[in-house]
Amino acid sequence: MAALDPLEELLLGPALTIPRALASAGLELDAVEVVELHEAFAAQVLAVLDRLDNEEFCRERLGRDRPVGKIDRGRLNAWGGSLSLGHPFGATGARLITNCCQRLEAENGRYGLVSACAAGAIGIGLVFERFG
């Protein structure tokens, strides 16, 4: 989880929590087969994707010597996201996690990543591993 400056970093929570979740799991972005990213707005998703692959942001804000990387668009919200499916108040997280777990099973994937922004300047990031 991360709390951000609502003036400068509104809705960018996933740009901070995705690298933290990956590091906690001992993974790099390219190991993740399924990505479910909450789409508060289309521009918000584009901004998060840009920040994850931006060398300056990753160095200055995340303390990394290289970008997190590009999220493969074929792995991102492949069954639809919050813009197309909706994000029911209070249930967006459950929908994201359910989609991730069902996609991991259907796509025979091992690792899934879920991230969302919430309440303006909060972010969450979770890594899931499918066994069996």
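Reader: Where is asparagine 108 found?
Author: Asparagine 108 sits in the loop between helix H5 (92-106) and S3; helices here are DSSP runs of H or I with at least four residues, strands are E runs of at least two, and both are numbered from the N terminus. This is a predicted model, where local features need pLDDT of at least 70, side-chain atom pairs count only at pLDDT 80 or more, and totals for chains, interfaces and linings use all residues. Residues are numbered from 1 along each chain as its sequence is written, and side-chain values use heavy atoms, with hydrogens and water left out.

Reader: What's the phi of asparagine 108?
Author: Positive, about 55°, although asparagine 108 is not a glycine. Most residues other than glycine have a negative phi.

Reader: Is asparagine 108 buried or exposed?
Author: Exposed, at 58% relative accessibility. Buried means under 20% relative accessible area, exposed means over 50%, and partly exposed is in between (1.4 Å probe, protein chains only).

Reader: OK, and what about asparagine 77, buried or exposed?
Author: Asparagine 77 is buried, with a relative accessible area of 8%. Its phi is positive too, about 50°, and its place is in the loop between H3 and helix H4 (82-85).

Reader: Switching to H2, which of its residues are buried?
Author: Gln44, Val45, Val48, Leu49 and Leu52. They lie on the same side of H2 because they cover an arc of only 135° around the axis, taken from the directions from the helix axis to the C-beta atoms.

Reader: What covers the buried residues of H2?
Author: The cover includes H1, S2, H3 and S3. On the face turned away from the buried side, H2 carries the exposed residues Ala43 and Leu46.

Reader: Which residues touch the most other members in the largest nonpolar core?
Author: Leu22, Ile71, Leu76 and Leu113, out of 23 residues in that core. A nonpolar core is a set of buried Ala, Val, Leu, Ile, Met, Phe, Trp, Tyr and Cys residues joined through side-chain atoms within 4.5 Å.

Reader: Which element gives the largest share of this core?
Author: H1, with five residues.

Reader: And what is isoleucine 71 in contact with?
Author: Leaving aside neighbours within four places in sequence, isoleucine 71 is in contact (heavy atoms within 4.5 Å) with Ile18, Leu29, Val35, Leu49, Leu52 and Leu76.
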